[in-house]
Amino acid sequence: MTSTSRKAYGVKGAPYAFLLPATVLFLLFFALPIGYAVWLSFRRVKVSGLGLGSGARKEVWAGLENYTDALTDDELVAGALRVLGYGCIVVPVMLGLALLFALMLDSEKVRLAPVTRLAIFLPYAVPGVVAALLWGFLYLPDVSPFYFVLEKLGLPQPDLLDGGPLYLALSNIAVWGGTGFNMIVIYTSLQAIPAEVYEAARLDGATPLQTALRIKIPMVAPSLVLTFFFSIIATLQVFNEPTTLKPLTNSVSTAWSPLMKVYQDAFGKGDIHAAAAQATIIALATLLLSFGFLRAANRRNKQEASR
């Protein structure tokens, strides 16, 4: 191999050398654990006799048995329905507030925009467990200053940690923590809109409300799709909020959400094989919903572009 060919080979191989560390980390900490979980989901522990002594418990092939049990598990199905109701509250409220705050910050009349932007974003910087603990104690009637004020005013004191209000309490934590991040994404897209577009709208006599509805919102539609996509994934993976509030109320069971059910089966009951099957089902459901949503959004964009 001549020096020229070695140099050419080195230039061609340089990108792969730069990608190698990331590829190794991806395989070790992402692909390999997923593959191991899928492998565990097709196996189970067979117990012989009383399960005592060597060889009494051994791992055997289970096929689709764990998946069948998971899909017919009433607790897992109930948890999925609870998360669906939770998501119907969180996603529209959080994205609606994020869009509203982004439009307000993008207005020419707004004052102290950097301070306001930081104040809205700041809750996102608070860890999820800390935020859940903070709001959890604010929900407790015995220690909450809100309940103290309501009592002094003689107003009703609803129990936010029981029954239907529990969904609102959990949704409030997610909305409080996630609105700032989504607002920054949408606000960044608004800042990227050329000033000439706004100038043309003013020359045409468009009011600020008309400019927001007919220009700003349509032009930030890709950012709205992105934030909606992330919100769906986060909703399906809800775990921190109900787990943190569980010691404060009896209304949150150990299987309130699908991920809590996975955690309980894996570390509470010690059945890692059933938990692996449930986790795989949740991952597939998340993938299918995300793929379906992105495909529908892309189809709509192509239809609008062809008009």
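**Exercise 1.** Determine how helix 3 and helix 10 are arranged relative to each other, given that their crossing is right-handed.

*Solution.* The model is predicted: local features require pLDDT of at least 70 and side-chain atom pairs pLDDT 80 or more, while totals for chains, interfaces and linings use all residues. Residues are numbered from 1 along each chain as its sequence is written, and side-chain values use heavy atoms, without hydrogens and water.

Step 1. The axes, which are lines fitted to C-alpha atoms over the stretch in contact, with angles from 0 to 180 degrees between N-to-C directions, come within 10 Å for helix 3 and helix 10 (residues 221-236) and cross at roughly 150°.

Step 2. Helix 3 and helix 10 are therefore roughly antiparallel, a term for angles over 145 degrees.

Step 3. Contact means heavy atoms within 4.5 Å; among the residues that meet are Val83 and Tyr86 in helix 3 and Leu224 and Thr227 in helix 10.

**Exercise 2.** Identify the buried residues of helix 4 and the helices against which they pack.

*Solution.* Step 1. Ala113, Ile120 and Pro123 are buried, that is, under 20% relative accessible area with a 1.4 Å probe, protein chains only.

Step 1. The buried residues of helix 4 pack against helix 3 (74-105) and helix 7 (165-191).

Key
Buried < 20%, exposed > 50% of the residue type's maximum accessible area, 1.4 Å probe, protein only. Helix = DSSP H or I, 4+ residues; strand = E, 2+ residues; numbered from the N terminus. Parallel < 35°, antiparallel > 145°, perpendicular 65-115°, else oblique. Left-handed = near helix turned anticlockwise from the far one by under 90°.
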